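Q: Please take a close look at the paired charges and rings in this model. Keep it brisk, and spell out the cut-offs as you go.

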Amino acid sequence: MAKTLYVLACGLLFLIHVKGQPIIPLPQKITTGNKAFVLKKSTTISTGPANATEGLLLQKEIEAMTGFHLSITEKNETGKNSIVFKSGQLLSTGEESYQLDISETGIIIRSSDAKGAFYGCMSLLQLLPVPGDKAGSPENAIPLPAVSITDFPRFKWRGLMLDVSRTFLSPDYIKRTIRRMSFYKLNVLHLHLTDDQGWRIPVKAYPLLTSKAAFFDPSYHEPKEFQGFYTTRDIAELLRFAASYHVEIVPEIESPGHSHAALFAYPDLSCDGNISPIFPFFSGPGISNDVFCVGNPGSLLFFQAVIKETASLFTSSYLHLGGDEVPRTEWEKCPKCQALVRSAKLPNTGALQGYFMQQLHDEAIKEKKRPVAWDEILMDNQSLSKDWVIMSWRGSKPGLDAAEKGYDVVMTPTSNMYFDYSYATTNTKKVFDFDPFDGRPAERLGNHVLGIQANFWSHIDRTESKIDLQLYPRVLGLAERAWSAAEDTSYDQFRTRQLYHKNWLEYMKVRYYAGDFK
């Protein structure tokens with residue numbers, strides 16, 4: 001067994017020195033040394049009080065990968081054959097930065113903060129040989145390459161969205177996704193919690209949202225696992241788990257469209273009160289015309305309660321309020337909505353969306369949350385508050401135009417970042433090739449491009465294994481583009497590392513798309 005791990009480690013050293021770094025995403029700066037560090041069962045971990053959590057996680061992962069249960073202490077001791085954390089030492093490189101130094105005598109992880117320490121651990125773990133099985137006897141030794149890495153993210157928002165409304169996804173699957181994405185230094189998990197096909201979180205003032213709006217009509221014979229909702233306990237546990245991997249869960253509540261499920265539970269909040277039972281995506285219109293009646297004061301009261309409760313359930317500083325693909329058909333016919341157009345002195349019916357979304361913005365701000373919305377909210381009202389974060393999905397132009405006007409934006413265009421699309425349409429290379437600035441000079445955009453995000457909509461592929469197939473290996477290209485330097489544009493160099501990471505995906509029990517490894 002020791003010989004097997006040694007051979008694997010030597011292969012890794014060959015990859016580092018000959019073919020380039022095996023780490024994904026590629027670090028900002030790396031230099032290699034000559035003499036390897038030898039990881040043994042007797043190696044110790046010294047965390048200091050600031051990185052006790054990261055040290056415990058590293059201890060756990062190393063044991064799972066090698067069978068070595070390393071001793072750990074919170075004392076800041078630098079000893080021979082030790083892994084030492086040093087926090088608060090890289091303030092000049094910003095938040096989430098780290099420096100990983102591996103030499104013959106020891107390993108030092110310097111970091112600006114706990115997040116940086118965590119990402120240093122992820123890079124260290126990727127330098128271990130991918131485990132085939134465990135090595136548990138004291139004579140085993142695993143050489144690690146002598147390297148010095150200085151690293152920090154290109155973008156602060158490195159996101160992945162899971163649509164858990166059209167198809168409910170289990171808390172266990174979300175946890176597995178969090179662990180996998182954090183291995184590649186992604187840090188935002190956007191959960192699309194409500195849509196036409198289901199409402200997935202409890203709101204005390206509106207109990208029918210979980211007893212009625214979370215389930216398909218029985219006539220469709222939908223599998224039980226495709227429907228349901230997350231309890232407050234589920235949400236608390238997901239938040240605790242995500243925090244341990246430094247992933248921020250951003251909740252999304254759709255408004256005022258994509259709301260058929262909520263309106264089925266409370267039809268009096270629609271324009272005509274005639275709402276059909278909840279249907280699977282391909283058993284009804286792709287976009288339902290049923291929207292909240294913004295001329296009904298009850299609609300604002302509804303969202304005030306929803307925003308307040310969602311803000312109390314989720315710890316994120318952001319709250320996504322939807323705002324995409326809102327049909328205006330019902331508003332055009334609705335006396336209450338038309339009365340609001342006149343009383344609010346709006347230029348047309350379309351402006352009702354911006355008017356209503358700004359009211360929701362004010363509620364989110366009251367709850368100390370920064371509102372996020374899809375880029376359509378700027379279509380009919382260009383004077384919305386600059387507190388909004390705009391998610392640009394209808395191409396890059398809406399987001400970059402908004403950035404030039406002073407809005408913070410997250411780039412997530414269908415052209416490169418929709419992972420429910422087939423690989424024939426969007427393969428890993430196309431994800432890797434994505435230019436978030438679309439050729440525009442960075443100085444024109446200021447610091448308003450917060451980052452990038454890939455979206456997975458669960459209306460086509462609905463089982464966990466098929467969702468994995470859609471996400472991986474494209475997540476690797478996403479991670480590289482979100483973290484690594486803008487100048488990192490060599491797909492051939494990335495592909496060498498991607499091919500190696502097929503082994504890591506197998507270790508994490510990911511069902512990946514094999515075609516992008518050929």
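How many salt bridges does the structure hold?

A: The structure holds 22 salt bridges. A salt bridge here is a side-chain nitrogen of Lys or Arg within 4 Å of a carboxyl oxygen of Asp or Glu. This is a predicted model: local features need pLDDT of at least 70, side-chain atom pairs count only at pLDDT 80 or more, and totals for chains, interfaces and linings use all residues. Residues are numbered from 1 along each chain as its sequence is written, and side-chain values use heavy atoms, with hydrogens and water left out.

Start with Asp-468 and Arg-180. Their side chains form a salt bridge, 3.0 Å from N to O. Asp-468 belongs to helix 16 (residues 464-471) and Arg-180 to helix 4 (residues 171-183), so the bridge ties together parts 288 residues apart in sequence. Helices (H or I, at least four residues) and strands (E, at least two) are DSSP runs, numbered from the N terminus. Asp-468 is buried at 6% relative accessibility. Arg-180 is buried too, at 4%. Buried means under 20% relative accessible area, exposed over 50%, and partly exposed in between (1.4 Å probe, protein chains only).

Lys-366 and Glu-363 form a bridge within one helix. The N to O distance is 3.4 Å. Both residues sit in helix 11 (residues 351-366), three residues apart, or about one helical turn. Lys-366 is exposed at 58%, whereas Glu-363 is buried at 11%.

Arg-440 and Glu-404 are bridged at 2.9 Å, N to O. Arg-440 is in the loop between helix 14 (428-432) and helix 15 (442-445), and Glu-404 is in helix 12 (residues 397-404), so this bridge ties together parts 36 residues apart in sequence. Arg-440 is buried at 17%. Glu-404 is partly exposed at 35%. Both belong to one network of salt bridges with shared partners, together with Lys-397, Asp-401 and Arg-444.

Now the rings. Rings of Phe, Tyr and Trp (its six-membered ring) pair if their centres lie within 6.5 Å; planes under 30 degrees apart count as stacked, over 60 as edge-to-face and the rest as tilted. The count by this rule is 28 aromatic pairs. One of them is Trp-199 with Phe-302, edge-to-face, with 5.9 Å between centres and 70° between planes. This pair links distant parts of the chain: Trp-199 is in strand 13 (residues 198-199) and Phe-302 in helix 8 (residues 297-313), 103 residues apart. Trp-199 is buried at 2%, and Phe-302 is buried at 0%.

The ring centres of Trp-504 and Tyr-507 are 5.8 Å apart and their planes lie at 80°, so this pair is edge-to-face. Both residues are in helix 18, three residues apart, about one turn of the helix. Trp-504 is buried at 0%, while Tyr-507 is partly exposed at 21%. Other buried residues of helix 18 include Tyr-491, Phe-494 and Leu-505.

Trp-199 and Phe-302 also belong to one aromatic cluster with Tyr-206, Tyr-266, Phe-292, Phe-303 and Phe-356.

Charges meet rings as well. The charged end of Lys-212 sits over the ring of Phe-264, 4.6 Å from its centre. Lys-386 has its charged end over the ring of Tyr-407, 4.8 Å from the centre. For this, NZ of Lys or CZ of Arg must be within 6 Å of the ring centre and within 35 degrees of the ring normal.
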